[in-house]
There are 4 protein chains.
Amino acid sequence: MFFASDNWAGAHPNIAAGLSANAGGFSTAYGDGTLDQAVYQRFSEIFEREVAVFFVATGTAANSLSLATYNKPGGISFAHRESHVIEDECGAPEYFSGGSRLHAIDGALGKIDPHNLERVIGRFAPEIVHWGRPMAVSITQSTEVGTVYGLDDIDAIASIARHHKLPLHMDGARFANALVALETTPAEMTWKRGVDIVSFGGTKNGCWCAEAIVLFDLDRAKELAFLRKRAAQLFSKSRFIAAQFEAYFKDDLWLDTARHANAMAARLAAAIEDSASAQLAWLPQANEVFAVMKKAEAERLMAAGAAFYDWHRPHGFDGHIGEDEALYRFVTSFATTDESIAQFEALLRAGSEE
Amino acid sequence: MFFASDNWAGAHPNIAAGLSANAGGFSTAYGDGTLDQAVYQRFSEIFEREVAVFFVATGTAANSLSLATYNKPGGISFAHRESHVIEDECGAPEYFSGGSRLHAIDGALGKIDPHNLERVIGRFAPEIVHWGRPMAVSITQSTEVGTVYGLDDIDAIASIARHHKLPLHMDGARFANALVALETTPAEMTWKRGVDIVSFGGTKNGCWCAEAIVLFDLDRAKELAFLRKRAAQLFSKSRFIAAQFEAYFKDDLWLDTARHANAMAARLAAAIEDSASAQLAWLPQANEVFAVMKKAEAERLMAAGAAFYDWHRPHGFDGHIGEDEALYRFVTSFATTDESIAQFEALLRAGSEE
Amino acid sequence: MFFASDNWAGAHPNIAAGLSANAGGFSTAYGDGTLDQAVYQRFSEIFEREVAVFFVATGTAANSLSLATYNKPGGISFAHRESHVIEDECGAPEYFSGGSRLHAIDGALGKIDPHNLERVIGRFAPEIVHWGRPMAVSITQSTEVGTVYGLDDIDAIASIARHHKLPLHMDGARFANALVALETTPAEMTWKRGVDIVSFGGTKNGCWCAEAIVLFDLDRAKELAFLRKRAAQLFSKSRFIAAQFEAYFKDDLWLDTARHANAMAARLAAAIEDSASAQLAWLPQANEVFAVMKKAEAERLMAAGAAFYDWHRPHGFDGHIGEDEALYRFVTSFATTDESIAQFEALLRAGSEE
Amino acid sequence: MFFASDNWAGAHPNIAAGLSANAGGFSTAYGDGTLDQAVYQRFSEIFEREVAVFFVATGTAANSLSLATYNKPGGISFAHRESHVIEDECGAPEYFSGGSRLHAIDGALGKIDPHNLERVIGRFAPEIVHWGRPMAVSITQSTEVGTVYGLDDIDAIASIARHHKLPLHMDGARFANALVALETTPAEMTWKRGVDIVSFGGTKNGCWCAEAIVLFDLDRAKELAFLRKRAAQLFSKSRFIAAQFEAYFKDDLWLDTARHANAMAARLAAAIEDSASAQLAWLPQANEVFAVMKKAEAERLMAAGAAFYDWHRPHGFDGHIGEDEALYRFVTSFATTDESIAQFEALLRAGSEE
């Protein structure tokens, strides 16, 4: 019953096998090997256009370098108030850009409200140096609270970004979970909507460590190559990332693992919905489930072996949380088993029967 | 005949197996898992004292964060003119410290000359803000040109650092190769000599990606934790590094692979020594061999499948290099085979017989 | 009728005379001259304790270097949402600290609400690197909207800062205006309340360019000396700042000019209060007056030669602003004349008589 | 006998008068006032083309922001080993660019040797991220050791910069001294030779504080405006700089003061040449004189009231300096009097007569 985070899982067997299969032999280092090149090509196929691909070590690196790609003095990037770049990266995006600012935009359940975005960006005047100036917009897909921007949602954000001549970044740490939730294609979910650069995460969805920046604006690729190296994010034995991505994409493994994670979340949500002791806070759209329950009940579940975290109330959730209650987050992954869900379901039921 | 670099090899079978063995199950993320903790403990045993261990993605990250740990406004770090931090990291050490400077110190064959170091550091006056101020000393063990600081060499550098109250960093991207060359212990080669922080590299010696900062000054550990996260170098599924180090240290694998690489270098050097068409530039002490030969001969060797790079003349090498000659570098690793050396030897011999 | 800003005025005649009087002769450069030293001593007298004084070029520099003095990786400083550091410095505070963050705290009419401050700071957990960590608290005295923190207000903020072991910075771009408004002493308004570092502004109150960082925590003085030089804020002919401050403090000129500016603001406020066409938005406490009026009326006043700006609605002001109205800011200074106020009063009256 | 530095002088009477004359009245702040605009126009006339002018607080700021204007990740700027940017700015140029590097180029007597420059730049390969990449070339005119680049010298450097597509920066802290030494025009000494950006210093030549960046590449002006504000170098009462420059340029005051300083240096050099106890190290071309003398003699002169500094031996000076001797620097300025030179001459003579 490990629902603490999708990064508590290890690696999918195919990923591990992929690594082992590529351990022998010699290869050009620093991203120029045959396998690296093949995987870059695979990304272009998946995105249905030529893309520039940069492997990096962490999702934080992917996000920070993506924004740094569009860095300018006095720059301000706009992201959801509860986004990972704002809440969970120790200021890395600001650091990687030598002090650019992240401006928090509100919106219900993890998604930027386009009206808020327009209102905030619209206040800036390009010639007034004192105020700084807009630099980029960043959205998280799927969001930190398990919701998913629909294609029209992305259109609305992209339209504002385009109007203000700002690049649009997508933090895709859970890219695959959103993709299968929307039943769409990578191209439709990104550049066809106006996304310019993507943090493409494989780690949470079955890899050990496989994060890539996917850049559609090829003119910036050379600069990003220097940015990445200067940020100490260029792997020497780069093929260990490539090997993971090769296995990840093979036979659509990545879509299968994401579908599995989402399905497990839906089952978990149903179990909570059915329970007497917990209320689903809102409907999960990807692989994160949020529930309100009594703190005592949560402690009981944890004591019985369920791992999950309490969470702060997100903007736009106006459900009731009693004094003795709290909001809790449950995350599923490729490694979540039917058994663990059934076990949790039984545990929940046992509580209400006492 | 892959002698281009020790990072052209993949991973040692034991490392690959170690990863696969740990792919299942769930574990706390971000370096707090059971396996992570066990490996930190293993480092303390190996260094014969309590150390703080920080896994990072690359050797450049280890070096840059090590220096940033001792960052101060106007700070200047001293390193060998041909060191990796100066020549091969795209300015990452400066970037990670917001603009501190690297001051090049000369010395023969990759090793800082203590007299030069003292002369340069001695010029600074702590109260004159214009000049900036000394911040750290960094040495590379083994060096970029395959030589090794003896324990007394390290003593001499450490004594100067201590006199000027400067921390001493060791870039140990090839730590193991130096260690077995000196037939000493990690403790003797580092903190017992006065080293404060080590970039401990496993990647070049058989891992896929296993770099760690080993910090002896535990008071700085909390700051380094923030520095690492802010630099986007904190892995979520951290145990994939831990698993590599676990296998790396098991049954002294790391010492065996380093001994093998060094022995292969010695054999390669002997082959060159014996050849009519190449001259050994200086005696290798670790796993890098440098030779002078005719450019035409080098091209012939490359055409026949040998991979190696030409190199610039290092400070302190005053051997003759003719107009039609160049200096070349050959690197061996855990993966270098007897066969490849024999093949190269035969190839060399074939050339002089023509 | 120049009410656009207190930095539209030139220099007080005594300041200009002070500069001219010191133009001759030779003096040690970079802040070590006799006059510099005398002025530092004067600061210590004024603050009734030994202080370290650093002249800098701008208020933005004073603020940014003050916060940088307490910089730490992942650091977050807390300031009012409408503070100068957040709204008007083009990201300089973030830049000077290599990417530390400014977190906006709400509070009515320019003053941080202590409850909001405590609530926000209280959320951080020192051991969780992902979230970053509190670094400093900054208040503006007098505020951007012409209000003044009372001594008890400062006590309340300082108590929270102290509880969380955070330094307290005061942006005193209008230090003197607040000081005379409170009829207190520099010591009472700062270190006796728990303020650790002050941006002490002379420019808006009669100097050409005279900004100083006043540091009470002398242990940090050496670091700040390097920070200032590295930020290119160390003047060579430093006595041109010293000469201004000498004249500024002589015979309490600075208190007189501040009292004059505040009195002019009070007269202006009374004129608005009396007028039929403008409503005072809130009571001015220092030298800034805010009024709501019809846009057409504002245009009429501007066309007649009055200079002032429209302003955005500050947090905590819930007065009505009609569709055809706006909020306007009027700033007075040492150079504001009785005549200009009378002229403006007549102009206002003329409007309502039409 | 104040020969310590040209920044030990105060301000020329005309500069002081200019400031006083502009102290009254109101003006738009932040560089947009009528006087500011008039002075920008004056710069364009002086340089015989449209230029963008940015007032800043210090020469260090002018240099650091000039280089930051051309900043790029992994960037390396090339400057003379003994240049101010390398030796005397506490790492500000690196800091302002978030960690770009300054690479020291050797050359005799303060001037970059074009062959050395070409050799060093030529080594870089634009596609190899590890090495970083050339970003700018910076020359100092007149140099730190009182020599002056001839127009053909500048041509030679500019030609290399152009060949490598690098911008050429001129540190003109002593721009006027070089200009009158060459008897040329600002246009001829800068953009007509290929200079792209100039740190134009007025402070050492008679102002209190008047430094400007003169940018020929107008496309970069908008970025520099943000860079300057973010670096806290945008003055509010900007006209106090404009007023100084207005007086500086009026009736060619700046050329007169520079000619005076250079003439005083020539007289001082002649006095040294004639003396028995000091030898001129090399011929001064601007307002700095270097002499070798016995340390005891220097102490005698200092004890008698002469202020000057000892100096380290510059590259390219191979004159003999005995064990009991040292090299000393004497700087003259607009404020140096005939009397002080005569007094020093007499003092020197007195020594040899003893």
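Chains D and C of this predicted model meet through the same surface, because 98% of the interface residues of chain D are also interface residues in chain C. Residues are numbered from 1 along each chain as its sequence is written, and chains are lettered from A and ligands numbered from 1 in the order in which they are written. As the model is predicted, local features need pLDDT of at least 70 and side-chain atom pairs count only at pLDDT 80 or more, while totals for chains, interfaces and linings use all residues; side-chain values use heavy atoms, with hydrogens and water left out.

Two copies of a chain are related by a rotation about an axis and a shift along it. Chain D is superposed on chain C by a rotation of 180° with 0.0 Å of shift along the axis, at an RMSD of 0.0 Å (least squares on the C-alpha atoms of residues with pLDDT of at least 70 in both copies). The two copies are therefore related as by a two-fold rotation axis. Within chain D, the residue that comes closest to this axis is Ala57(D), with its C-alpha at 3.1 Å.

The contact between these chains (heavy atoms within 4.5 Å) involves 51 residues from chain D and 50 residues from chain C. About 4300 Å² is buried between chain D and chain C, and carbon and sulfur atoms give 63% of that area; buried area here is the accessible area (1.4 Å probe) that two parts lose on being put together, summed over both. On the side of chain D, Phe26(D), Trp208(D) and Lys237(D) lose the most area to chain C, together 21% of what that side buries. Helices H1 (13–21), H3 (59–68), H5 (92–96), H10 (221–230) and H11 (239–249) of chain D are the elements that give two or more residues to this side (helices are DSSP runs of H or I with at least four residues, strands are runs of E with at least two, and both are numbered from the N terminus). Zero salt bridges are counted between chain D and chain C, a salt bridge being a side-chain nitrogen of Lys or Arg within 4 Å of a carboxyl oxygen of Asp or Glu. Polar contacts number 27 residue pairs across the interface of chain D and chain C, both residues being at pLDDT 80 or more. A polar contact is a pair of N or O atoms within 3.5 Å; within protein, one must be able to donate a hydrogen and the other to accept it, and residues adjacent in sequence count only if both atoms are side-chain atoms.

Between chain A and chain B, 50 residues of chain A are in contact with 51 residues of chain B. The area buried between chain A and chain B is about 4300 Å², with 63% from carbon and sulfur atoms. Zero salt bridges and 27 residue pairs in polar contact are found across the interface of chain A and chain B. Helices H1 (13–21), H3 (59–68), H5 (92–96), H10 (221–230) and H11 (239–249) of chain A each supply at least two residues of the side that touches chain B.

In chain B, helix H11 (residues 239–249) has 10 of its 11 residues buried, so it is largely enclosed by the rest of the structure (buried means under 20% relative accessible area, exposed over 50% and partly exposed in between, with a 1.4 Å probe and protein chains only). Among the buried residues of H11(B) are Phe240(B), Phe245(B), Tyr248(B) and Phe249(B). Just after H11(B), Asp251(B) takes a positive phi of about 50°.

Strand S11 (residues 325–331) of chain D is mostly covered, with seven of its seven residues buried. In a regular strand the side chains alternate between the two faces of the sheet. On one side of S11(D) lie Glu325(D), Leu327(D), Arg329(D) and Val331(D), and on the other Ala326(D), Tyr328(D) and Phe330(D), all buried. Strand S9 (residues 288–294) of chain D runs antiparallel to S11(D) and is joined to it by seven bridges (strands pair if DSSP finds at least two bridges between them); Glu288(D) has Val331(D) as its bridge partner. Strand S10 (residues 309–311) of chain D also pairs with S11(D) in the antiparallel sense, over three bridges, and Asp310(D) has Tyr328(D) as its bridge partner.

In chain C, six of the six residues of strand S2 (residues 75–80) are buried. S2(C) pairs in the parallel sense with strand S4 (residues 133–140) over five bridges, with Gly75(C) opposite Arg133(C). Five bridges also join S2(C) to strand S3 (residues 101–105), which runs parallel to it, and Phe78(C) stands opposite His103(C).

Thr257(A) lies in helix H12 (residues 253–274) of chain A and is buried, with a relative accessible area of 4%. Apart from neighbours within four places in sequence, Thr257(A) is in contact with His12(A), Asn205(A) and Phe334(A). Its side chain makes a polar contact with the side chain of Asn205(A) at 3.1 Å, and a polar atom of that Thr257(A) side chain lies 3.0 Å from the backbone oxygen of Trp254(A).
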